[in-house]
Amino acid sequence: QGISMLEYGQTTGYPPLREAYLEHLVRPKGIAAEPQNVVCLTGSSQGIFLAFDVFLDPGDTVLVENPTFLAPLNLLRKAQANIVGLAMDEQGLIIEDLEAKIKKHRPKMLYTIPTFQNPSGRSLSAARRKKVAELAAEYDFVVLEDDPYAEIRFRGEKLPPIKSFDTAEQVIMLNSFSKTIAPGL
């Protein structure tokens, strides 16, 4: 592919990679998506940054699990967002707390790591994932589903992503190859 190798590529990523991602990781999870719905990034952290940059204005409220991954908290502070922590139990986010804080704070976004949550390791149950998508549609906020660990399950049944329950196009799903491919390289 001599000449094409010397040209600029598509900014959304290598088309065969985007199609392979859809075929092997997205569609099998019940998500209807096409290549134009996929953007290849340098990692989930870049996706988090881009989502915050696009959707948030200073003073907007973002709901986060308490505790959560440190990097997004630093980005939210830099974006001057109002950060509101959410209670969790062994099945992840507590839906009653989430709904109460949605009503109280009218968030612009929910940032969540639903599978093997960092740092707690908890996974949000399938029923709760469905309810998160329903609440996002009802109250019109974006769910940033950071799911880099979904493919490293060694036992138990895989859980559907929140995105698979998204009927209102409120959920942005981030995945990563760095947890599954890069550790072995």
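Strand 5 and strand 6 (residues 142-146) run parallel and are joined by four bridges. Helices (H or I, at least four residues) and strands (E, at least two) are DSSP runs numbered from the N terminus, and two strands pair if DSSP finds at least two bridges between them. The model is predicted, with pLDDT of at least 70 needed for local features and 80 or more for side-chain atom pairs, while totals for chains, interfaces and linings use all residues. Residues are numbered from 1 along each chain as its sequence is written, and side-chain values use heavy atoms, without hydrogens and water.

Strand 5 also pairs with strand 1 (residues 61-65), in the parallel sense.

| Strand pair | Bridges | Bridge partners |
|---|---|---|
| Strand 1 and strand 5 | three | Val64 and Tyr111 |
| Strand 5 and strand 6 | four | Met109 and Val142 |

From strand 5 the chain passes through helix 6 (residues 126-139) to strand 6 in a right-handed β-α-β crossover; with the strands pointing away from the viewer, such a path from the first strand over the helix to the second runs clockwise.

In strand 5 (residues 109-112), Met109 and Tyr111 point one way, Leu110 and Thr112 the other, and all are buried (under 20% relative accessible area, 1.4 Å probe, protein chains only).

Helix 3 (residues 44-55) packs on helix 4 (residues 70-78) at an angle of about 25°, with the axes 10 Å apart. Helix 3 is therefore roughly parallel to helix 4, a term for angles under 35 degrees. Axes are lines fitted to C-alpha atoms over the stretch in contact, and angles run from 0 to 180 degrees between N-to-C directions. At this packing, Ile48, Phe49 and Phe52 in helix 3 meet Pro72, Leu75 and Leu76 in helix 4, contact being heavy atoms within 4.5 Å.

Methods: Buried means under 20% relative accessible area, exposed over 50%, partly exposed in between (1.4 Å probe, protein chains only). Angles under 35 degrees count as roughly parallel, over 145 as roughly antiparallel, 65 to 115 as roughly perpendicular and the rest as oblique.
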